[in-house]
Amino acid sequence: MGKIALQLKATLENVTNLRPVGEDFRWYLKMKCGNCGEISEKWQYIRLMDSVALKGGRGSASMVQKCKLCSRENSIEILSSTIKSYNVEDNEKFKTIVEFECRGLEPVDFQPQAGFAAEGVESRTIFSDINLQEKDWTDYDEKAQESVGIYEVTHQFVKC
């Protein structure tokens, strides 16, 4: 059982406080079985609002899954208290935005999609439902009369 942090790195233009929004935010991941090393072919998502009971009354997890190859039951839990925003001062540096409690399932890839929000650095204009699937996002801040954007979104996983 171990914790794995998802770190984000991006170039922010005139926006800050980039964050996932809500308990229904979908963290799209590819998982690896800690027992046999099998990696899921498809993207799977986990959400804070999902809670699955573990066998034998050992609590719950965001996802419980039986490995297709070795049949081992594995789970992963989003640690809600670890969700952090990515801010202008984090620009172009890796920063942990969430941690996962891994019990046999290890995230090996992350695909940001819809559900992010950010705000204008000066204007505090809220930009909601930002989709980072293309690794770039642009808009215009009417209040500040300047273009805003999030570019070169990349990630890494680190053991905590």
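A disulfide is defined here as a pair of cysteine sulfur atoms within 2.5 Å. I shall return to that definition after an overview of the chain.

Good morning. The structure before you is a predicted model, in which local features need pLDDT of at least 70 and side-chain atom pairs count only at pLDDT 80 or more, while totals for chains, interfaces and linings use all residues. Residues are numbered from 1 along each chain as its sequence is written, and side-chain values use heavy atoms, with hydrogens and water left out.

Let us begin with the whole chain. Its secondary structure comes to zero helices and 14 strands; helices (H or I, at least four residues) and strands (E, at least two) are DSSP runs, numbered from the N terminus. The C-alpha atoms fill a box of roughly 55 × 25 × 25 Å, taken along the principal axes. Of the 160 residues, 41% count as buried. Buried means under 20% relative accessible area, exposed means over 50%, and partly exposed lies in between, with a 1.4 Å probe and protein chains only.

Now to the cysteines. How many disulfides does a search of the whole structure find? The search finds zero. The sulfur of Cys70 has its closest cysteine sulfur in Cys33, 3.7 Å away, which is too far for a bond. For Cys67 the closest cysteine sulfur is in Cys36, and that distance of 3.6 Å is also too far. Cys67 is buried, at 9% relative accessible area, whereas Cys70 is partly exposed, at 27%.

Strand S14 covers residues 146-159 and runs antiparallel to S13, to which five bridges join it; two strands pair if DSSP finds at least two bridges between them. Tyr140 stands opposite Ser147 in S14. Four residues lie between the strands of this hairpin, and Gln145 takes a positive phi near 55 degrees.

Asp141 belongs to strand S13, residues 137-141. The side chain of Asp141 does make a polar contact with the side chain of Ser123, at 2.4 Å, and another with that of Thr125, at 3.0 Å. A polar contact is a pair of N or O atoms within 3.5 Å; within protein, one must be able to donate a hydrogen and the other to accept it, and residues adjacent in sequence count only if both atoms are side-chain atoms.

Finally, the salt bridges. The structure holds five. One of them joins Lys159 and Glu106, whose closest N and O atoms are 3.8 Å apart. This pair links distant parts of the chain, with Lys159 in strand S14 and Glu106 in strand S10 (residues 105-111), 53 residues apart. Lys159 is exposed, at 65% relative accessible area, and Glu106 is partly exposed, at 25%. Lys95 and Asp90 also meet in a salt bridge, at 3.2 Å from N to O, and Asp90 is buried at 13%. In the salt bridge of Glu119 with Arg124, the closest N and O atoms are 2.9 Å apart. Glu119 is buried, at 12%, while Arg124 is partly exposed, at 46%.

Key: Salt bridge = Lys/Arg side-chain N within 4 Å of Asp/Glu carboxyl O.
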